[in-house]
Amino acid sequence: MVTGEGPLTGGFGNLGAVVRVGDTIRRPPRQSTLAVRALLLHLEDYGFDGAPRYLGTDEQGREVLTFVDGDVPIPPYPHWAMADGVLDSLGELLRRFHEAVARFDPAAVPGWELDWADPLGGATICHNDVFPENVVFRDGRAVALIDFDMAAPGRPFWDLAVATQEWMPLHAPDARPDHSFPLDALARFGRLAHAYGIDAAEAVELVDIVFAEREQAIGNIRREVELGDPVWTERWLAGEEEARAAIDDAWLADHREALVAAIT
């Protein structure tokens with residue numbers, strides 16, 4: 001058993017503030033703390049096994065959550081995490097999560113983090129941060145979602161749109177710094193959609209949401225850079241992310257119909 005405090009790798013929003021203590025995770029309070037607490041307690045009551053359990057707060061006022069044991073891929077993403085078969089369990093996990101929150105009333109709890117959420121809102125909850133760094137694997141299967149700080153009301157397809165950015169990835173083939181090996185993004189898009197349970201009649205809706213999520217995410221990043229956020233500024237400017245974003249946008253626009261066809 002781990003006995004001391006140790007910062008967790010992966011992600012960059014909390015700048016090392018999330019730590020592991022034994023079999024627990026300690027997280028500093030945020031705007032969304034009370035809302036996420038209610039969500040995690042609902043998931044536990046429902047019997048959903050793909051999320052941490054809320055255990056209370058410690059003497060420093062930090063949230064205490066169970067540590068979800070397993071493997072979490074961080075950039076550059078390893079081959080095992082991007083195997084095509086992984087998308088089957090990822091789609092199934094997202095579907096089970098959305099089924100688990102279908103009876104949760106997000107309007108009954110204040111404080112959701114809305115900056116990165118579906119601007120149209122919704123009657124259910126999305127995770128909103130389904131990047132590889134926030135998915136736990138065991139034996140090559142996606143078994144749990146972690147880091148619910150950005151969870152908020154939205155349409156379920158919004159989570160799929162977020163996931164496609166890095167899991168496919170929906171970037172131009174020559175502009176994938178976190179993927180060191182070739183991936184057929186279009187075929188993978190269709191596989192994830194089918195694993196989730198999307199049919200041909202829903203294909204255009206999903207693709208439209210992919211484009212909407214992409215536009216919102218890039219807009220948010222630009223706003224954070226303008227406000228001087230050190231993390232985003234370093235990634236955006238030093239990494240020439242602005243130029244890469246334009247390349248990705250052009251690639252996506254050229255492949256819009258192909259994304260629909262990958263499902264239908």
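Predicted model: local features only at pLDDT ≥ 70, side-chain atom pairs only at ≥ 80, totals over all residues.
Trainee: Is Asp139 buried or exposed, and what is its relative accessible area?

Mentor: Good place to start! Over 50% counts as exposed. Asp139 has a relative accessible area of 81%, so it is exposed.

Trainee: Where does Asp139 lie, and what is its phi?

Mentor: Asp139 lies in the loop between strand E7 (135-138) and strand E8 (141-145). Its phi is positive, about 55°, although Asp139 is not a glycine. Asp147 also has a positive phi, near 60°, and is not a glycine either. Asp147 is found in the loop between E8 and strand E9 (152-154).

Trainee: What about Glu63, is it buried or exposed?

Mentor: Under 20% counts as buried. Glu63 has a relative accessible area of 3%, so it is buried. It lies in strand E5 (residues 63-66). Leaving aside neighbours within four places in sequence, Glu63 is in contact with several residues, including Arg26, Arg27 and Tyr54.

Trainee: Now the whole chain. How many helices and strands does it have?

Mentor: The protein chain has 8 helices and 9 strands. Its radius of gyration is 18 Å, close to the 18 Å that the globule rule gives for 264 residues, so the chain is as compact as a globular protein of that length. Of those 264 residues, 51% count as buried.

Trainee: Which residues have the most contacts inside the largest nonpolar core?

Mentor: First, the general idea: in soluble globular proteins, nonpolar side chains tend to be buried together. Here, the largest nonpolar core has 65 residues, and those with the most contacts inside it are Leu39, Leu43, Trp112, Val135, Phe148, Trp167 and Leu206. Take Leu39: beyond its neighbours within four places in sequence, it is in contact with Val101, Phe104, Trp112, Ile125, Phe148 and Ala151. There is also a second, separate core of 9 residues, which includes Ala217, Ile221, Trp232 and Trp236.

Definitions and conventions: Residues numbered from 1 in each chain as written. Heavy atoms only, no water. Helix = DSSP H or I, 4+ residues; strand = E, 2+ residues; numbered from the N terminus. Rg over C-alpha atoms; globule rule 2.2 N^0.38 Å. Buried < 20%, exposed > 50% of the residue type's maximum accessible area, 1.4 Å probe, protein only. Core = buried A, V, L, I, M, F, W, Y, C linked by side-chain atoms within 4.5 Å. Contact = heavy atoms within 4.5 Å.
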